[in-house]
Every structure is written in structure tokens, then in C-alpha cells.
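My entries follow in the order in which I looked.

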Amino acid sequence: MIEKQPTIYKAPTVYKQAGGGGVAPVPGLPSNYESINSIRLNNISQGSNIFRVDNLTLNIDSTHFECVIERIGTNNVFRYIFSIGSLDFRYRNSDGKIFVDNQSSSGVNVPNDDFKKIDFCLSGGNWKVNGNNSGLTGTGANITEFIIGNYGSDLYIKSFKAYKTENGALVTYADLISVKNENNAYGMYDLIQNRFFTNSSCSQGI
């Protein structure tokens, strides 16, 4: 479920308007939402997804997809963080090791006792995780959406951003933070498109 809300807040950074139409001031969080430390994206059924962030116009080349997450559990299974089309970004519960599609990124892992910022970026023809090559190569492609969470997610998440530098300016396409609303519904609020994402798979984090 997605709710759209007005905003009155402004800041001097350049942000991408929904659908790529010009620039807009940075929106703030409406008064009926409360920022919280994190939410939990619970494991859901196969073929389902949690948040589909759409109405975008961006090329993935040099775009940073940045999340702050903590893993749950240590069983030997893969957990989805986010997906772009058929390309999945995951971690392995047993050790927290990051995988881009079926390629692992050595030296980068998700802890199970603290939050860590993980940055995914297609740079120089290689998918990099916190600056480390994952082993997966790729080329830039235009996208209109990406999915946060998928079958088997089950993780704590603080925030998720998509941004890049264009013509010397930092452009942010999505800036989601963990929130709850006045009805105690947990989810993420996108400060760019002024939208609240929530469903029954979201609960209180830590």
C-alpha cells in the first residue's frame, strides 16, 4: 500500500522529481509519521515483494544503491535485500557475505549484531559492493523501478537511497527512511516522492 502526502520542508540539494521532471526541494517527513530506528522486513511467500519503488527515470550506471541493514539469524540461506529486474542483491545468513546475482563480493558482509551501510554501484563495467568488485560485470540500463525486499528477505533496515552525480551535482532518486504512522503501521517513507510504503510483511525493528 502506498500513501502520498504533502510537504512543507525545503533544502538546497538537487533532487529528482518523480518521473524525471525537473528538480524539487527536499521534502520533510509529515507530522503524522514518526521516524524510527529501523523496521523489520519479514520473510514472505515466493513470488511476492515488499516495496516496489516506481515512477523513476534513471540509468543504473554509476548510480549508488545504498542501504543500512542488519541481518537476522545465521542459518545457511540467502536473504534478498533488493532487486532490479532479474538482478538480485542478497546476503547469506550463515556469514553475512554479500552476493550480486550469483557472484559474491569478498570482504563485504552484513553483521548480525549491528547495522552496516552497504553500497552497490555499477562502476567501470563492474558491480561493486562498498568499492569491492563482486565479480559480476554489467552495462548501464534505464530503469523505472526497483524492489526492496523479496521472497526470503527477513532483515532489519534503517534506510535505502538511490543517488548519483550528474554534471557535477548530486541527484537523489529515492531516499527512504524507516517510519511508523499515526495508526502504528510500520514501513518506509520516501522523502523524494512523498510516499509511504507498507504492507503486512513490515513490523517494528530494533
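**Hairpins and strands**

I began with β20 and β21, which form a hairpin with four residues between them, and in its turn asparagine 194 has a positive phi of about 55°. The two strands pair in the antiparallel sense over three bridges, and methionine 188 stands opposite phenylalanine 197 in β21. I count two strands as paired if DSSP finds at least two bridges between them.

This is a predicted model, in which I took local features only at pLDDT of at least 70 and side-chain atom pairs only at pLDDT 80 or more, while totals for chains, interfaces and linings use all residues. Residues are numbered from 1 along each chain as its sequence is written, and side-chain values use heavy atoms, with hydrogens and water left out.

On its other pairing, β20 is joined by five bridges to strand β19 (residues 169–181), and the two run antiparallel. Leucine 176 stands opposite aspartate 190 in β20. The hairpin of β19 and β20 has four residues between the strands, and asparagine 184 takes a positive phi near 60° there.

I then asked how many residues of strand β20 are buried. Five of the five residues (186–190) are, so β20 is largely enclosed by the rest of the structure; buried means under 20% relative accessible area, exposed over 50% and partly exposed in between, with a 1.4 Å probe and protein chains only.

Buried residues make up 50% of its 206 residues. Among contacts (heavy atoms within 4.5 Å) between residues at least 6 apart in sequence, 62% join residues at least 24 apart.

**Cores and rings**

I looked next at the nonpolar cores, each a set of buried Ala, Val, Leu, Ile, Met, Phe, Trp, Tyr and Cys residues joined through side-chain atoms within 4.5 Å. The largest has 44 residues, and those with the most contacts inside it are Phe65, Phe120, Trp127 and Phe146. A second, separate core of six residues includes Tyr33, Ile177, Val179 and Leu191.

The structure holds 13 aromatic pairs, counted where ring centres of Phe, Tyr and Trp (its six-membered ring) lie within 6.5 Å; planes under 30 degrees apart are stacked, over 60 edge-to-face, and the rest tilted.

Phenylalanine 82 lies in strand β9 (residues 78–84) and phenylalanine 146 in strand β17 (residues 146–150), so the pair ties together parts 64 residues apart in sequence. Ring pairs link Phe65, Phe82, Phe89, Phe120, Trp127, Phe146 and Phe160 into a cluster.

**Charges over rings**

Last, I looked for charges over rings, meaning NZ of Lys or CZ of Arg within 6 Å of the ring centre and within 35 degrees of the ring normal. The charged end of arginine 90 sits over the ring of phenylalanine 78, 4.6 Å from its centre, and that of lysine 161 sits over the ring of tyrosine 163, 5.6 Å from its centre.
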